[in-house]
Amino acid sequence: MTLYQWFVFFLMVQIIHFLGTWKLYEAAGRKRWEAAVPIYNSIVLMKIIGRPTWWTLLLFIPIINLIMFPVIWVETLKSFGKRTSLDTFLGIVTFGFYIYYVNYTQPLNYEADRSLHPENKTGDTISSLLFAIIVATLVHTYVLQPYTIPSSSLEKSLLVGDFLFVSKMNYGARVPMTAVALPMVHDSIPLLKVKSYLSWPQLPYFRLPSFEKIKNNDIVVFNWPRDTLFNMYIAADKRYDKPIDKKTNYVKRCVGIAGDSLQIKNGIVFINGKELMLPERAKPQYSYKVALDGKTPIDFEYLLKDMNVTDGAGFTSDLKDTLYVRALTFAGAERLKNVPGITAVIREIKKGPEDGIFPDFQDGKPSIANNWSCDNFGPIYIPEAGKTVALNKESLPFYKIIINEYEGNSLKVVGNDIYINDKIATTYTFKQDYYWMMGDNRHNSLDARYFGYTPEDHIVGKPVFIWMSWDTNGKGFGKIRWERLFTTVGGDGQPQSYFKFFLIALAAFFVGEYFWKKRKERNVKV
């Protein structure tokens with residue numbers, strides 16, 4: 001929905017509210033017109049039902065308002081003596097329109113001094129639960145979101161089984177675009193495996209002010225731009241469009257930001273003509289071919305485990321003289337060279353052309369239009385908001401999806417002419433910034449080399465903290481990676497665990513609470 005459509009919808013809601021409540025306002029000693037003034041009518045209604053004025057704000061926060069509306073309907077009914085279970089049920093299942101029936105057909109006895117405390121234990125439990133859901137949803141949507149690492153594309157920096165807290169505030173919290181959705185779940189309801197949202201209506205994209213901008217080498221959580229499949233792991237013969245904020249969550253390293261020129265030479269990333277210097281914690285990995293003398297016995301299982309190669313040990317060829325390792329760091333490769341029985345360690349460099357490399361994959365049909373591969377790619381320009389590029393048949397494949405899908409224009413090519421919104425175009429000016437996201441595990445990462453640019457409106461947040469790390473291959477308490485508990489994701493140097501400080505703080509809290517209760521008991525006795 002456009003801003004104009006939302007404005008019309010907002011006015012319709014105000015008219016519906018006025019028609020269904022004006023008599024209630026009068027019965028509560030207010031003026032009839034107060035039920036018709038947008039926002040002000042909500043403030044007055046909070047006074048009528050005896051609730052704090054700041055509740056009005058919750059009515060205008062996406063997702064939160066879906067919880068608040070039923071609460072307000074029930075509170076309004078109770079304020080006019082309709083407090084039975086049937087009244088509550090009818091108020092909710094009719095989406096508040098039961099209030100129309102009360103407003104026009106029932107005697108209106110306003111209870112100005114009604115008790116706001118729950119009348120029974122069930123009501124108290126429901127009230128506490130609703131409050132907890134509202135607070136948790138606010139935190140989850142606008143402050144911190146828990147996230148689990150499911151794949152090894154950022155291996156070494158983030159491991160499979162890491163549980164993260166992702167900050168929404170660093171890059172600016174994105175206001176939910178999907179207006180009707182269950183709180184604190186993503187695209188499906190757990191266990192039921194059905195959609196957790198309605199695709200319509202959609203709010204316009206809006207992001208709150210940020211603390212920082214995305215920089216080269218930042219690890220970023222974002223919505224996978226090319227998520228147009230019902231299941232990303234199963235090939236589909238038809239498109240499945242999802243709202244932006246309900247696309248699959250991805251986490252990668254942002255190697256290129258808006259305005260950069262990016263090129264990959266033999267697996268090494270170059271930004272604006274200079275090699276991208278990765279932080280100390282980043283350890284890029286590549287596939288290696290390990291040549292063996294065929295005579296010396298080598299315990300590869302122990303060796304690779306000792307080297308912390310977690311993304312598969314590879315396999316030995318039929319000739320028993322070659323081992324392929326899928327995810328080996330530069331340091332790991334150097335170590336292997338010194339192992340008796342290994343005659344050579346050679347990094348695999350994929351030469352072009354490689355099918356499926358961006359921008360070849362268009363309209364769901366792969367084609368090879370250049371000589372690029374995942375290790376030799378570019379140069380390309382990463383679009384920046386407000387910047388203009390020339391459009392022709394050679395440049396269009398790079399920006400086609402941006403123009404047509406990410407920025408919502410109609411696009412067609414007739415002969416040698418490019419039409420945007422039914423007008424011939426020789427240039428295009430970008431509406432938002434774009435980013436280039438890649439995994440450190442260079443040969444085992446579905447990243448920008450395949451799906452292309454990530455738009456700014458797809459950015460979710462910045463991983464800041466690992467609170468738990470679980471190794472499924474471990475045994476007993478060995479499943480917990482203790483050294484990774486309560487470690488930061490970014491920063492200089494190697495990660496340091498703050499778990500012991502957390503335990504100390506937790507112990508201090510309980511000890512302090514114990515003595516505080518004891519002191520309170522002594523004061524009561526006196």
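## Definition and basis

A salt bridge is taken here as a side-chain nitrogen of Lys or Arg lying within 4 Å of a carboxyl oxygen of Asp or Glu, and by this rule the count comes to 18 salt bridges. The model is predicted, so that local features need pLDDT of at least 70 and side-chain atom pairs count only at pLDDT 80 or more, whereas totals for chains, interfaces and linings use all residues. Residues are numbered from 1 along each chain as its sequence is written, and side-chain values use heavy atoms, with hydrogens and water left out.

R481 forms a salt bridge with D471, with 3.9 Å between the closest N and O atoms; both residues lie in the loop between β20 and β21, ten residues apart. Strands are DSSP runs of E with at least two residues, numbered from the N terminus. R481 counts as buried at 14% relative accessibility, while D471 is partly exposed at 22%, where buried means under 20% relative accessible area, exposed over 50%, and partly exposed in between (1.4 Å probe, protein chains only).

R481 also meets D162 in a side-chain salt bridge (3.9 Å, N to O). Because D162 lies in strand β2 (residues 162-167) and R481 in the loop between β20 (459-469) and β21 (487-488), this pair ties together parts that are 319 residues apart in sequence. D162 is buried, as is R481, and a network of salt bridges links D162, D471, R481 and R484.

## The pair R449 and D447

A further salt bridge joins the side chains of R449 and D447 (2.9 Å, N to O). R449 counts as buried at 0% relative accessibility, and D447 is likewise buried, with a relative accessible area of 0%.

Definitions and conventions. Helix = DSSP H or I, 4+ residues; strand = E, 2+ residues; numbered from the N terminus.
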